[in-house]
Amino acid sequence: MANPSEHILYSGGARGTEAYFGELAEKYGLQEVNYSFDGHMLERTRGLRVLTADELALKDVSLTYVSRLMSRSYSVAPLFRKVLQSICWQVSSGHEVYVVGVIQDDNTVKGGTGWGAEFAKICNKPLYVFGQAKNAWFHWEKNEWLEVESPTISHRHFTATGTRFLEENGKKAIAELFERSFG
């Protein structure tokens, strides 16, 4: 079993999935880094890392590109751009990525959470998504989602992001992931 104190959770501290991952990281004795920026609403502040404007700019993305890649329209509001940039910091910092959300028919994940999953694919990082509607874990393998029964956190530096609307089955899946990984 892995030594929890040697692990770091990279996340954003937002309500729902990120906050619950953070709660469990603290409970199990993992380190935690929550990327944020001025004006961002957080639920968790443990390990808070406020990104400067210059640091956010290092992870700037074309909203046109992201919209086209994700087959949807995204807001051009400066706040939304900062959210996408902070998600890039989260994904870049972890060696594997865990997401809770909804996998759509086009193989993207619903909402802003989808950018984290898509950026993990671009960065070729191991990516796991718990689909709340399907009540199952999935792993991205080359160009498709494959259902997996019991993933475990296998890298010391990992990222977690996901829906703000965490359901009971999502909480259970995250709790079981931590139990399997850090018992």
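# Loops, cores and ring pairs

Me: Where does Gln132 lie?
Reply: Gln132 lies in the loop between β5 and β6. Strands (E, at least two residues) and helices (H or I, at least four) are DSSP runs, numbered from the N terminus.

Me: What kind of model is this, and how are its residues numbered?
Reply: This is a predicted model, in which local features need pLDDT of at least 70 and side-chain atom pairs need pLDDT 80 or more, while totals for chains, interfaces and linings use all residues. Residues are numbered from 1 along each chain as its sequence is written, and side-chain values use heavy atoms, without hydrogens and water.

Me: Back to Gln132: buried or exposed?
Reply: Gln132 counts as buried because its relative accessibility is 7%. Buried means under 20% relative accessible area and exposed over 50%, with partly exposed in between (1.4 Å probe, protein chains only).

Me: Which residues does Gln132 touch?
Reply: Residues up to four places away in sequence are not counted here. Beyond them, Gln132 touches Val100, Gly101, Thr163, Phe165, Leu166, Glu167, Asn169 and Gly170. Contact means heavy atoms within 4.5 Å.

Me: And Asn107, where is that?
Reply: Asn107 is found in the loop between β4 and α5. Asn107 has a relative accessible area of 27%, so it is partly exposed. Leaving aside neighbours within four places in sequence, its contacts are Glu118, Lys121, Trp140, Asn143 and Trp145.

Me: New topic: which residues touch the most other members of the largest nonpolar core?
Reply: That core has 23 residues, and Leu84, Val99, Val109, Trp115, Leu127, Val129 and Trp145 touch the most other members. A nonpolar core is a set of buried Ala, Val, Leu, Ile, Met, Phe, Trp, Tyr and Cys residues joined through side-chain atoms within 4.5 Å.

Me: Which elements supply at least two residues each?
Reply: They are the helices α3 (63-70), α4 (78-93) and α5 (113-122), together with the strands β4 (96-101), β5 (127-131) and β6 (136-141). Helix α4 gives the most to this core, with five residues.

Me: Now rings. How many aromatic pairs are there?
Reply: There are 13 aromatic pairs. Rings of Phe, Tyr and Trp (its six-membered ring) pair if their centres lie within 6.5 Å, and planes under 30 degrees apart count as stacked, over 60 as edge-to-face and the rest as tilted. The pair of Tyr98 and Trp137 is edge-to-face because the planes stand at 90°, with the ring centres 6.1 Å apart.

Me: What does that pair tie together?
Reply: Tyr98 lies in strand β4 and Trp137 in strand β6, so the pair ties together parts that are 39 residues apart in sequence. Tyr98 is buried at 0% relative accessibility, and Trp137 is buried at 5%.

Me: What about Phe158 and Phe178?
Reply: Their rings also form an edge-to-face pair, 6.5 Å centre to centre with 65° between the planes. Phe158 is in strand β8 (residues 157-162) and Phe178 in helix α6 (residues 168-182), 20 residues apart. Both Phe158 and Phe178 are buried.

Me: Which residues do ring pairs link into a cluster?
Reply: The cluster holds Phe21, Tyr28, Tyr98, Tyr128, Phe130, Trp137, Phe158, Phe178 and Phe182.

Me: Lastly, how many helices and strands does the chain have?
Reply: The protein chain has six helices and eight strands. Of its 183 residues, 52% count as buried.
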